[in-house]
Amino acid sequence: MLTGEEITGAKLSDWRKLAQGLHARYLVDDFGVGARFVVAVGDAGDAIGHHPRVSIGNGTSTLSWSAPTLSTATTTALNMSLNG
């Protein structure tokens with residue numbers, strides 16, 4: 001699992017280490033935008049071979065990762081895929 005220093009060093013500013021996993025919450029305008037975001041997360045996950053747990057709430061989309069094999073490279077690749 002990534003350490004706080006590794007998260008900071010990889011410039012994963014959207015991600016937070018909570019308990020045994022990494023979590024990121026993104027604000028979205030509405031449910032439709034959240035659903036499209038989840039599709040983008042799925043596509044990015046397919047590209048890197050890892051998928052976070054995803055949930056859509058009222059105005060938010062939350063990603064959680066607790067895989068023991070999660071690496072800085074994996075999370076950075078997901079962030080790059082989502083942010084263009």
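**Contacts, sheet and core**

Colleague: Which residues does H51 touch, leaving out those up to four places away in sequence?
Modeller: Contact here means heavy atoms within 4.5 Å. On that basis H51 touches G42, G45, D46 and W65.

Colleague: What kind of model is this?
Modeller: Residues are numbered from 1 along each chain as its sequence is written, and side-chain values use heavy atoms, without hydrogens and water. Local features need pLDDT of at least 70 and side-chain atom pairs count only at pLDDT 80 or more, while totals for chains, interfaces and linings use all residues, since the model is predicted.

Colleague: Where is H51 placed, in terms of secondary structure?
Modeller: Elements are DSSP runs numbered from the N terminus: helices are H or I with at least four residues, strands are E with at least two. H51 is in the loop between α2 and β3.

Colleague: What pattern does the protein follow along the sequence?
Modeller: There are three helices and four strands in the protein. Read along the sequence, they give α-β-β-α-β-β-α.

Colleague: What is the strand order in the open sheet?
Modeller: Two strands pair if DSSP finds at least two bridges between them. β1 and β2 have three bridges, and β2 and β4 have six. β3 (residues 53-57) and β4 have five. The open sheet is antiparallel, with the order β1-β2-β4-β3.

Colleague: Which strands stand at the edges?
Modeller: An edge strand has a single partner, so one side of it is left without a neighbour in the sheet. The strands at the edges are β1 (16-18) and β3.

Colleague: Which strands does α2 touch as it packs on the sheet?
Modeller: Axes are lines fitted to C-alpha atoms, for helices over the stretch in contact, and angles run from 0 to 180 degrees between N-to-C directions. The direction of α2 makes about 170° with that of β3. The strands touched by α2 are β2, β3 and β4.

Colleague: Why is β4 largely enclosed by the rest of the structure, and how many of its residues are buried?
Modeller: Both faces of β4 are covered. T60, T62 and S64 are buried on one side, and S61, L63 and W65 on the other. β4 is largely enclosed because the buried count is six of the six.

Colleague: Which residue's side chain makes a polar contact with that of S64?
Modeller: A polar contact is a pair of N or O atoms within 3.5 Å; within protein, one must be able to donate a hydrogen and the other to accept it, and residues adjacent in sequence count only if both atoms are side-chain atoms. S64 is in strand β4. At 3.0 Å, its side-chain partner is H23.

Colleague: Which residues form the largest nonpolar core?
Modeller: A nonpolar core is a set of buried Ala, Val, Leu, Ile, Met, Phe, Trp, Tyr and Cys residues joined through side-chain atoms within 4.5 Å. The largest one has nine residues: I7, W15, L22, A24, Y26, F37, V41, L63 and W65.

Colleague: Which element gives the largest share of this core?
Modeller: β2 (21-27), α2 (31-48) and β4 (60-65) each give two or more residues to this core. The largest share is three residues, from β2.

Key. Buried < 20%, exposed > 50% of the residue type's maximum accessible area, 1.4 Å probe, protein only.
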